[in-house]
Amino acid sequence: MTAHEIDYNIYGEEMQYVEIELDPQEGVVAEAGSFMMMDDGIKMETIFGDGSNKNQGFLGSILGAGKRILTGESLFMTAFYNNLSGKRKVSFASPYPGKILPIDLTEYRGKFICQKDAFLCAAKGVSVGIEFSKKLGRGLFGGEGFIMQKLEGDGMAFVHAGGTMAKKELQRGEILRVDTGCIVGFTQDVDYDIEFVGGIKNTIFGGEGLFFAKLQGPGTVYIQSLPFSRLAGRVLASAPQGGGKDKGEGSILGGLGNMLDGDNRF
């Protein structure tokens with residue numbers, strides 16, 4: 001497996017995008033909906049799966065695309081090719097505030113495991129597959145079920161982390177406990193399992209869920225401070241319910257303050 005050798009730049013702080021420079025005949029694959037802009041001369045093509053193996057035949061393409069259904073993704077991905085002479089650029093944007101993490105798979109022995117919604121784009125030739133959990137506890141209580149995504153190959157891949165991202169280098173036997181939704185990804189040698197929080201007060205009144213993710217080294221782990229599920233939950237909790245008015249946050253005058261804040265749409 002040989003992926004295309006792409007160059008890239010990442011721009012922005014809270015709402016980042018990655019700009020990928022394609023030489024003639026180079027390509028990149030991306031999740032549907034992540035495209036931002038591209039130079040004239042780049043060809044866009046919708047493909048089954050990730051298109052990492054051209055010789056797998058129609059049945060292989062169907063099976064590869066079917067695996068994506070198990071991770072909750074679309075059957076299709078979008079490929080972008082530079083079929084002209086000279087360099088061309090194509091850009092992909094973060095889906096919500098956070099950071100874009102570039103991953104050189106050659107530095108991780110050709111494999112990186114990530115949350116199923118973290119993948120953004122990758123060089124053509126990188127395989128985007130599924131990683132089944134072999135542990136019952138992780139499958140039942142891990143928040144992401146039995147399945148995570150695995151990125152395999154020898155090219156560049158890009159994943160997205162919500163909020164601020166932390167990188168942890170775990171030594172052999174070192175343990176890190178993490179909220180299950182805050183994991184972005186980890187290297188293949190990291191042992192991942194689920195651990196019960198414990199304690200009646202913690203279980204009933206803790207508000208942090210019943211289980212931690214237990215990550216044991218050696219390996220590298222990437223953690224996000226703002227999982228999308230947490231962001232969506234806060235937005236829903238603050239949204240007007242039943243067609244009513246909002247809660248008037250940000251003003252000691254409450255509803256009267258809303259009349260003065262310049263944002264009154266009727």
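The exercises below work through a predicted model, going from a sheet to strand pairs and then to a side chain.

**Exercise 1.** Find the order of the strands in the open sheet of six strands, and name its edge strands.

*Solution.* Start by walking across the sheet: the order is β11-β12-β9-β16-β19-β14, and the pairing is antiparallel. Next, look for strands that pair on one side only; these are β11 (127-132) and β14 (165-170), the edge strands. Finally, compare the directions of neighbours: on average, neighbouring strands of this sheet are turned by 25° against each other, direction ignored.

**Exercise 2.** Inside that sheet, determine how many bridges join β16 to β19, and which residue stands opposite Ile183.

*Solution.* Take β16 at residues 183-187 and β19 at residues 219-224; the two run antiparallel and are joined by three bridges. Then go to Ile183: opposite this residue, in β19, stands Ile223.

**Exercise 3.** Work out how β18 is joined to β15 and to β17.

*Solution.* First take β15 (residues 175-179): five bridges join this strand to β18 (residues 211-216), running antiparallel. Here Asp179 stands opposite Phe212 of β18. Now turn to β17 (residues 191-196), which is joined to β18 by six bridges, again antiparallel. For Ile194, the bridge partner in β18 is Ala213.

**Exercise 4.** Is Glu131 buried or exposed, and which side chain does its own side chain contact?

*Solution.* Locate Glu131 in strand β11. Its relative accessibility is 17%, and buried means under 20%, so Glu131 counts as buried. Last, check its side chain: a polar contact of 3.2 Å joins it to the side chain of Lys111.

Note on methods. Residues numbered from 1 in each chain as written. Predicted model: local features only at pLDDT ≥ 70, side-chain atom pairs only at ≥ 80, totals over all residues. Heavy atoms only, no water. Pairing = 2+ DSSP bridges. Helix = DSSP H or I, 4+ residues; strand = E, 2+ residues; numbered from the N terminus. Axes fitted to C-alpha atoms, helices over the stretch in contact; angles between N-to-C directions. Buried < 20%, exposed > 50% of the residue type's maximum accessible area, 1.4 Å probe, protein only. Polar contact = N/O pair within 3.5 Å; in protein donor to acceptor, adjacent residues only side chain to side chain.
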